[in-house]
Amino acid sequence: MGVAKYVKDKQDAIKEVIYQSGIRVKSAYTPQDLEEVGFDYAADLGDPGQYPFTRSLHPQGYRSRAWTTRQYTGFGTPEETNKRFKLMISHGQTGLNVAFDLPTQMGYDSDDAKALGEVGRVGMAVDSLRDFEIAFQDIPLDRIGSGLTINAVATIMLAMYQVVAEKFGYPKAKISATPQNDILKEMIGRGAWIFPVEHAVRLVGDSIEYAVKELPRCNPVSICGYHIRESGANPAQEIACAFEIAKAYMENVIARGMPAEDFVGRFSFNLNVFGNLWEQIAKFRAARKMWAKMLKEEYGVQDKKKLFLRGLFGGGGSGLTKEQPENNIVRGAFYALGAALSGAQTTALCSFDEAYTIPTPRAALLSLRTLELIMEEVGLRDTVDPLAGSYFIETLTKQMETRIQADMKQIQEIGGMVHAVATGFIQRKVSQQAYEYEKGLQTGAYVKVGVNKYRDTSEDQTDVELHEYNEQWVEQQIARLQELRRTRDNRAVARTLQDLEQGTRAGQNVMPLLVDCCRAYATVGEMAGVLRNIFGEWHEPSIF
Amino acid sequence: MAENRIKVLIGKPGLDGHDRGAKVVALALRDAGMEVIYTGLHQTVEQIVRIAIQEAVDVIGLSIMSGAHIPICRKLRELMQAEGIEDMRVVVGGVIPKQDIPKLKAIGLDGVFPGGTPFERIVTEIKRVVNRRPAGA
């Protein structure tokens, strides 16, 4: 995977290996190493399905159930997205992972001036419930769970999902949605934030509180180390940031009088498989253990199932290259192998053409097949946590734990994650590391096949089929939105928006108010506009 | 005469928030001795032009990952023309398919740097296009 530093002698023999998290790897490991790190089977591993779940959440691992595959899908109009959803389901995909376009993610309607050129480009355009009715038409929402990749306006999309299910006759108790809803990581990495930090965290708290009371099968937040890693964090920092973010949301909900035990079982994680294979496996195993321990020891959570670090281990976007794009197919297979060896519960892979474009159907299908093949042909379902007991893996898992703890402590010492984000501390650190990494790639300190080694200078580098962006979709989307504004009951819209405004100002939970707005076919831009007026917008701290 | 420091404005137009590339290039240009200003996220083209004028930069560098590089760059060039700063240099980086490079050049961009372009090339190109600028501009 080419992301460790290798010091070699003149004969090309490796003298030193240093992982991104800073761990030095020895040439061989023995029982002596386990002794040195204080490895203890019962305390550090336990049997599969036993606390602290280092080995697996379930006693039978993939024997009882293979992983859920959830390729990130959505583009253009709701019609196009619906077709692609059905295609992926017909090919065996077991969950949806919905991509929204940028105007939707940023709370603008498709005909807003700010949406120009962006409608339907990186995901599907959603202006109102009408679009959800089209996108989820004929999808069995009681059987297929949906990840909704939306953050700043996650409350709006969760409300809309509940209402679309209601329209299709699925009771809210039966639907399973996982809005990403991790706004702090947007502020560190992905950049789709709107509101100032404290208001943004309140919205996350509102959705958690609401889901606990009203949506028993929904996981209201998916905490993303993933994008922080993509922004330049090393694997230990990825987990440390994810856990400190989780704690920030937990504190918000606990302050409302709800004990962690009541809601933390609904948290899920989105973590990255990009990087050195062994380092990732150790990272995931350490993370499962640390999460369980933290919840039990610091938050007094008793129920075993609520200690599970559940989530999606996948992606790997920053490992993919523009150069020799077919190599990404092979990289994807190794990332998937790493995820399977780590006991990933849910997974998805970036597609080989993603350095160029939104994946074509062929590329998306190839990613799905890779995931299916790992489970069904290669033997990853044979036995649980096959690497357990390896002198190397167990030593590394203990070392990762120590690194993650140190990184968490650093964030705590500067006042916790909300403060670390508001001041730009994390952003500064992560950007500097990203720069160092890029320099390493360019000088060849990190090997990347096809990029800085084994280059093919004769190749035609864009020999990939490109996803097409259709200007007509934009017109279609805007026409539907404008028709909606003419034909809906605008008095009901105005009333629900007014209730939203008053309730939000009064500190009520926004979710029931948003559900009413969605039922009345209020638009995303209208709902987000109300919240913008109340909360204002975030100003990024300068990090240079 | 000593070479003046080249002043670059790195802009993130549009709604896309993937700014790893923008920040990394900003750090690389700074290490290469240039003065770098970063607009931050979610800027309109109008805002970017306004900052470029205020700061009297030599080069505007846009970072675009969303696929909307052609409409955004076209709009920027039009606005620069309207503001009378069409001699200011403009380069763009991001997720840009090869077949779009000639289109961007035709719009009037001075440099196009798809993801993975070495820092050294970006630095050299920026120096080259700045020096090509007509005297007095």
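Residues are numbered from 1 along each chain as its sequence is written, and chains are lettered from A and ligands numbered from 1 in the order in which they are written. In this predicted model, local features need pLDDT of at least 70 and side-chain atom pairs count only at pLDDT 80 or more, while totals for chains, interfaces and linings use all residues.

**Exercise 1.** Work out the order of the elements in chain B and how its radius of gyration compares with that of a compact globule.

*Solution.* Start with the elements, which are DSSP runs numbered from the N terminus: helices are H or I with at least four residues, strands are E with at least two. Chain B has 5 helices and 5 strands, and from the N terminus on they run β-α-β-α-β-α-β-α-β-α. Next, take the radius of gyration (over C-alpha atoms; the globule rule is 2.2 Å times the number of residues to the power 0.38). Chain B has 14 Å, which agrees with the value near 14 Å for a compact globule of 137 residues. Its C-alpha atoms fill a box of roughly 40 × 35 × 30 Å along the principal axes.

**Exercise 2.** Find the strand order of the open sheet in chain A, and its edges.

*Solution.* Strands pair if DSSP finds at least two bridges between them. The 3 strands of the open sheet in chain A lie in the order 1-2-3, with antiparallel pairing. Strand 1 (5-8) and strand 3 (24-25) stand at the edges with a single partner strand each, so one side of each is left without a neighbour in the sheet. Strand 2 (residues 14-18) and strand 3 of chain A pair over 2 bridges; V17(A) has V25(A) in strand 3 as its bridge partner.

**Exercise 3.** Which residues does Y249(A) contact, leaving aside its neighbours within four places in sequence?

*Solution.* Leaving those neighbours aside, the contacts of Y249(A) are V201(A), V204(A), G205(A), I208(A) and V221(A).

Conventions:
Contact = placed C-beta atoms within 7 Å.
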